Amino acid sequence: MQNHPVYTDNDPQSELSTLNLGPTHPATHGVFQNVLQLDGERIVSGVSTIGYIHRAFEKIAEHRPFYQITPLTDRLNYCSSPINNMGWHMTVEKLLNIQTPKRVDYLRVIVMELARIADHIICNGVLGVDTGAFTGFLYMMEHREAIYEIYEEVCGSRLTTNIGRIGGFERNFNSRAFDKLRAFLKNFPKTLKEFESLFNRNRIFVDRTRDVAAVSAETALSYSWTGPLLRAAGVDYDVRAMNPYSSYEDFEFEVPVGDNGDVYSRFLVRNEEMWQSLRIIEQALAKLDKEPSDIFHADVPEFYLPPKEEVYNNMEALIYHFKIVMGEIPTPKTEVYHSVEGANGELGFYLVNDGGRSPYRLHFRRPSFINYQMYAPMSRGMLLSDAIINMSSLNVIAGELDA
Amino acid sequence: MSDIQLVDAPAGVEGAGFFATSLDKVIGIARSNSLWPLPFATSCCGIEFMATMASHYDLSRFGAERLSFSPRQADLLMVMGTIAKKMAPVLRQVYLQMAEPRWVMAVGACASSGGIFDTYSVLQGIDEVIPVDVYVPGCPPRPEAIIDGFMNIQELVKTESLRRRSEPKYQELLAKYGIQ
Amino acid sequence: MAKIPNEELIKAIADKFDTSVTVVGEPYELLTVETGRETIIDLLTFLKTDPALKFIFLTDITGIHYPEQEKPIGVIYHLHSLTTNTRIRIKVFLADADVHIPTATALWDGANWMERETYDLFGVLFDGHPDLRRILNVDDMTAFPMRKEFPLEDPNRVDKKDFYFGR
């Protein structure tokens, strides 16, 4: 605010300029358009336009059987696909009252926490890039590759994982997956520590991020913020702790909170969440040792797709395969809301079922969509350069934003 | 020290103190090893592109170190991710702003054909609005596949005749898309 | 604090709203009530401000379409009381010719885009909304794509003609 010149009517500079930021602007990390009114470098007002990759997930879901909706959920928040996959499986399991064995829950926890780390690596790494520090990004991306290699051992895919089935996993984790996981647990903390020492007390970084885009807890709640953003504003709402799913109640972890919801707090909260995720994964590995190692799905043949080799060689499996694929197994006519703690916040699935093979209506509560709507109002009065780092710390994922 | 490899010289006539080849080939080699890509990354494939650019896969090895976010200075438009109908005019605008010679790479199933999103809101392949040189399949393609697609673009660039862009056949192609 | 039992919640609502709010069911322990558009804002305000209930968090607003019902368009609210960890689902159904409902943006800023999305996909008109425009689809679209009669695939596609498949 200080030293801001006062313009008179005669001054040619008194007019506001309009900046069309996006949808292909490099600083917007995706496809968001913001038309900003600028007074010099200060933003006077802004209008967000979204929908540039609206893909009609909810409409497609009404035409797909339950087990074919998993690939759609992959593409919601593609930085942490496994959380979406697991969230969807658990929604259907809740609908069908399927109890999963503990080992399945723990394996899911491992995969979900890895996904959370992968997502936070991107967000915090890119925040570093936007404040002028490319190094941290390159250090961290190496370990995201390591996470992707673990995914590959588990499901064969890197990014859009499509992990799991309704009732569990399509195959057991192989020994290489565990080896890579242990290597990751050994190597990553070193880099994370290095990353933190590069940024946490770095004068330039702190000056760029401290008190930028601070949000009070009341405002954050009024805008229905969830996830690291809400926690950075000081509200300790975490679905994992509040409504534990997938046996999260068996784990010890802390929910980090920030003080004033600024970009710096969000950065610290995400970093701390990575440490907590590592803690959870270690506990899960220890718990897995006590579980029978050959269980990887619930015993629900009428909903769990049998492996292909059994379908071709086994009468019973063939019948179940046929029944599942043709949708001949009745499902309860009811509605269910299930939510998981996605990397960006509460990822909710509202499923209305009419007893058929596909949902009557499926609505995704997408944290990116709901978190992003504060962006334009909160940008007022901000410097353009601050608005850019504010956007990268919101971690809005275009696929989740536009569905 | 890593093993640094130089580009092989094109076929030509060599003698004491001189080397003669056609201008096409020299320019082709120079262009193909210094492409400036414009990453038009909209969704999932863009994340794989980040991996392609980052330390592990490192697209810079192919002379594409410098990403050009301005279409004016870009040689290669890499379209990565779903292009919705709302986005199509923007994509076309970006293509029109690029200077000739320009190449287009459709990365991933969505950019190539609409992918799994056969819906009212998604463009069924970017070749409905702009001409495409190389298609990379995958949902999303692995970084190796993106690099392979890039090498195919390099091959096209290397062998392209200098006159191709002024030929009537190329003009016809552009006219088909309503581009003058 | 522990979760508010559904019976207490039903009683609290019934005391205040008598018969204008009806209980639909409790699928998976999530209390679901239905009301009309006349009482929806009063109900939301009551749930948000009541000192014992404190449903201060708006989880979601969305729509649903039942073409064969008399009132085909539904608007569904999910509220969450963070202090007691209780959730509630509220439904309002609207007639096809008159899809007006008052906006909840005065209660929650976050309702803004949720209502715009519901308008965009279902055509529900939120009266009093500060900026009711399409959000996901292109501005010049005339239909509401999440309604059941709207086709999933683009009907103008040419590459799916029978001709190409030898039919």
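Between chain C and chain B, 2 residue pairs are in polar contact, both at pLDDT 80 or more. The count of salt bridges between these chains is 0. This is a predicted model.

**Interface between chain C and chain B**

- Chain C contributes 14 residues to the contact, and chain B contributes 7 residues.
- About 820 Å² is buried between the two chains, with carbon and sulfur atoms giving 51% of that area.
- On the chain C side, C:Leu152, C:Asp154 and C:Arg157 lose the most area to chain B. Together they account for 45% of what that side buries.
- The chain C residues touching chain B comprise 9 nonpolar, 1 polar and 4 charged.

**Annotated cysteines in chain B**

**B:Cys45**

- B:Cys45 lies in helix H2 (residues 44-53) of chain B.
- B:Cys45 counts as buried because its relative accessibility is 6%, under the 20% cut-off.
- Beyond four places away in sequence, B:Cys45 touches B:Met80, B:Gly81, B:Val107, B:Gly108, B:Pro140 and B:Pro141.

**B:Cys110**

- B:Cys110 sits in helix H4 (residues 108-113) of chain B.
- B:Cys110 has 10% relative accessibility, so it counts as buried.
- Setting aside neighbours within four places in sequence, B:Cys110 contacts B:Gly81, B:Thr82, B:Gly115, B:Phe117, B:Leu123 and B:Gly125.
- B:Gly81 is in contact with B:Cys45 and also with B:Cys110.

Methods:
Residues are numbered from 1 along each chain as its sequence is written. Chains are lettered from A and ligands numbered from 1 in the order in which they are written. This is a predicted model: local features need pLDDT of at least 70, side-chain atom pairs count only at pLDDT 80 or more; totals for chains, interfaces and linings use all residues. Side-chain values use heavy atoms; hydrogens and water are left out. Contact means heavy atoms within 4.5 Å. Buried area is the accessible area (1.4 Å probe) that two parts lose on being put together, summed over both. A salt bridge is a side-chain nitrogen of Lys or Arg within 4 Å of a carboxyl oxygen of Asp or Glu. A polar contact is a pair of N or O atoms within 3.5 Å; within protein, one must be able to donate a hydrogen and the other to accept it, and residues adjacent in sequence count only if both atoms are side-chain atoms. Ala, Val, Leu, Ile, Met, Phe, Trp, Tyr, Cys and Pro count as nonpolar, Asp, Glu, Lys and Arg as charged, and the others, Gly among them, as polar. Helices (H or I, at least four residues) and strands (E, at least two) are DSSP runs, numbered from the N terminus. Buried means under 20% relative accessible area, exposed over 50%, partly exposed in between (1.4 Å probe, protein chains only).
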